Amino acid sequence: MINGTVVTLPSETEIMITRTFDAPRELVFTVWTTPELVRRWWTTSDAPLVVCEIDLRVGGRWRYVSRDAGGTELGWYGTYRVIDRPRRLVTTEGFEGNPGVEATTELRLTEDQPAGRTSMIITVRHASREHRDNHVSSGMEAGLNRSLRRIDAILDQLTKE
């Protein structure tokens, strides 16, 4: 089942993303943090990830790089600040095409038991309204929705295995 994503701007520097998945919280956390699974949902088939590094520990770094058919590479990176598996994950996040601009992203997962549904809230905190607005206007919402639909498909497959 595909669940709607809601994107709001709760403050001048924040983006909040909410969604519910039909899967247990531990499985959602695993899909979010396992390189083999991230490769399946982070980007598109016409610009697959060629780098997917995850050092899942406080102070560890992550980096994803996609490459399109023309050879153009786009990279994102960050550092893990808080890991409370499977409830919460806090990282920094930057885009290599915009050096010096980083946000803090907090992923919170809560499970509705016994239904086994997981509510996700992502809060992205930018240093300024300009940075937040640039992030929003980058097309991030459309890309995010595509990625979250792919996560739904992965979760559906994993819950049937």
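In which strand is the place of serine 66? Serine 66 falls within strand β4, which covers residues 61–67. The structure is a predicted model, in which local features need pLDDT of at least 70, side-chain atom pairs count only at pLDDT 80 or more, and totals for chains, interfaces and linings use all residues. Residues are numbered from 1 along each chain as its sequence is written, and side-chain values use heavy atoms, with hydrogens and water left out.

The protein chain contains four helices and eight strands, where helices (H or I, at least four residues) and strands (E, at least two) are DSSP runs numbered from the N terminus. Along the sequence these elements follow the pattern β-β-α-α-β-β-β-β-β-β-α-α. The radius of gyration is 15 Å, close to the 15 Å given by the globule rule for 161 residues, so the protein chain is as compact as a globular protein of that length; the radius is taken over C-alpha atoms, and the rule is 2.2 Å times the number of residues to the power 0.38. Along the principal axes, the C-alpha atoms fill a box of roughly 45 × 40 × 30 Å.

Of the 161 residues, 42% count as buried, a class defined by a relative accessible area under 20%, with exposed meaning over 50% and partly exposed in between (1.4 Å probe, protein chains only). Contacts, defined by heavy atoms within 4.5 Å, were examined at a separation of 6 or more, and residues 24 or more positions apart account for 43% of them. The mean positions of the 21 positive and 23 negative charges are 2 Å apart. For this calculation Lys and Arg count as positive and Asp and Glu as negative, without His and the chain ends, and each charge is placed at NZ of Lys, CZ of Arg, CG of Asp or CD of Glu.

The largest nonpolar core has 32 residues, and Trp32, Val38, Trp41, Tyr64, Met120 and Ile151 have the most contacts inside it. Such a core is a set of buried Ala, Val, Leu, Ile, Met, Phe, Trp, Tyr and Cys residues joined through side-chain atoms within 4.5 Å. Helix α4 (residues 140–160) supplies the largest share of this core, six residues. Beyond its neighbours within four places in sequence, tryptophan 41 is in contact with Val31, Trp32, Ser147, Arg150, Ile151 and Ile154.

Serine 66 counts as buried because its relative accessibility is 3%. Aspartate 46 lies in the loop between α2 (35–41) and β3 (49–54) and is exposed, since its relative accessible area is 54%. With neighbours within four places in sequence left aside, aspartate 46 is in contact with Arg67, Asp68 and Ala69. Aspartate 46 and aspartate 68 are 22 residues apart in sequence, with a C-alpha to C-alpha distance of 5.8 Å.

Threonine 13 is located in the loop between β1 (6–11) and β2 (14–21) and counts as partly exposed because its relative accessibility is 26%. Residues touched by threonine 13, excluding those up to four places away in sequence, include Val124, His126, Ser128 and Arg132. Threonine 13 and histidine 135 are 122 residues apart in sequence and 10 Å apart in space, C-alpha to C-alpha.

Arginine 85 and proline 86 are joined by a cis peptide bond, with omega about 0°. Proline 86 lies in the loop between β5 (73–84) and β6 (88–95). Most peptide bonds are trans.
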